[in-house]
Amino acid sequence: MDTARIAVVGAGVVGLSTAVCISKLVPRCSVTIISDKFTPDTTSDVAAGMLIPHTYPEAGDAGVHLVSGWQIFQSTPTEEVPFWADVVLGFRKMTEAELKKFPQYVFGQAFTTLKCECPAYLPWLEKRIKGSGGWTLTRRIEDLWELHPSFDIVVNCSGLGSRQLAGDSKIFPVRGQVLQVQAPWVEHFIRDGSGLTYIYPGTSHVTLGGTRQKGDWNLSPDAENSREILSRCCALEPSLHGACNIREKVGLRPYRPGVRLQTELLARDGQRLPVVHHYGHGSGGISVHWGTALEAARLVSECVHALRTPIPKSNL
């Protein structure tokens, strides 16, 4: 086998980053990304995109930038210094003067982290993939086996689609609704320690959140959810009463007890199709996608090596 034909199913942040890693790390391969939805219509596009990756020179073009702010608590957390304190920049406890801005809260943390804006980040990833000779194909996949024999290896980054494509009943949606508003005067993020209420300023809008509705598949915005989100966020930042151009967005987080990152060999009528599963990141996909994408690429490399290794002939 000269060129390994690899299909990556899914065009969210997990699928695209996996395709980039495969194209860079797996020799003599062609990569095609197949999905029924591409940016700006993916779940990743709805995410606020707060994360802690390393910086790189292309950060501006990729929609990645630094943002500072506060995480606040109505009661002092058990761990006042979280495990990630030495990863973000300038982590410290909030001062009494800072906490006066939030009278219902008794403890807070201040730090600087990175924000990844997927409406810019996903096209940047697609550009990298196409620059490496990769392809994109808009198509709905009903069964991974339908990609055989056009492809030698399939990488399943379909998120919630894995309930059908992989028969995985462990993955389920956690519905998230957010508001995107124009409030350019908001320069610092504010996050309730529960993770339910947050204000994340970005380059083109401020994201207000949110909801965590387990098992809810509804992709239509709910007016009551929007009113509650705006009310909670205005309680933290009263100036948001003056926000304008409010847009409602909904995404379904692909939750699973743990990320599925493993190889499966599908077999049918004497034919075999190696599949690398890479899905189930929940709300943490943007934070960890590069690390898990590298591991997925390693698994793909193992599959390619196995396909290129001749099977010894029997002497009998």
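1. Two strands are taken to pair if DSSP finds at least two bridges between them. Strands (E, at least two residues) and helices (H or I, at least four) are DSSP runs, numbered from the N terminus. The note concerns a predicted model, in which local features need pLDDT of at least 70, side-chain atom pairs count only at pLDDT 80 or more, and totals for chains, interfaces and linings use all residues. Residues are numbered from 1 along each chain as its sequence is written, and side-chain values use heavy atoms, with hydrogens and water left out.

2. Strand β5 (residues 89-93) pairs with β6 in the antiparallel sense over three bridges, and L89 stands opposite T112 of β6. Strand β4 (residues 64-73) is also antiparallel to β6, over 10 bridges. Within that pairing, I72 has G108 as its bridge partner, while S68 is bridged to T112.

3. Which residues does V155 contact beyond its neighbours within four places in sequence? They are I6, A7, V8, V9, T18, I22, V276 and V300, where contact means heavy atoms within 4.5 Å.

4. Helix α7 (residues 223-236) has 14 residues and reaches 20 Å from first C-alpha to last, close to the 20 Å expected at 1.5 Å a residue; the expected span is 1.5 Å times one less than the number of residues. N225, S226, I229, C233, C234 and L236 are its buried residues. Seen down the axis of α7, the buried residues fall within an arc of 160 degrees, so they line one face of the helix; the arc is that of the directions from the helix axis to the C-beta atoms. R227 and A235, on the other side of α7, are exposed. At the start of α7, a side-chain oxygen of D222 comes to within 3.0 Å of the backbone nitrogen of E224.

5. Helix α5 should span 20 Å for its 14 residues at 1.5 Å a residue, and its end C-alpha atoms are 19 Å apart, which agrees. Buried in α5 are C118, Y121, L122, W124, L125, E126 and I129. G133 follows the helix with a positive phi, near 95 degrees. G63, in the loop between α3 (59-62) and β4, is buried at a relative accessible area of 10%. G63 and Y121 are 58 residues apart in sequence, yet 5.3 Å apart in space, C-alpha to C-alpha. Not counting residues up to four places away, G63 touches K115, C116, E117 and A120.

6. Most residues other than glycine have a negative phi, and most peptide bonds are trans. A cis peptide bond joins T39 and P40, with omega about 15 degrees; P40 is in the loop between β2 and α2 (43-46). The bond from G209 to G210 is likewise cis, with omega near 0 degrees, and G210 lies in the loop between β12 (206-209) and β13 (213-214).

7. R28, in the loop between α1 and β2, has phi near 50 degrees and is partly exposed at 49% relative accessibility. D269, in the loop between β15 (260-268) and β16 (271-279), has a positive phi of about 50 degrees and is exposed, with a relative accessible area of 76%.

Notes:
Buried < 20%, exposed > 50% of the residue type's maximum accessible area, 1.4 Å probe, protein only. Polar contact = N/O pair within 3.5 Å; in protein donor to acceptor, adjacent residues only side chain to side chain.
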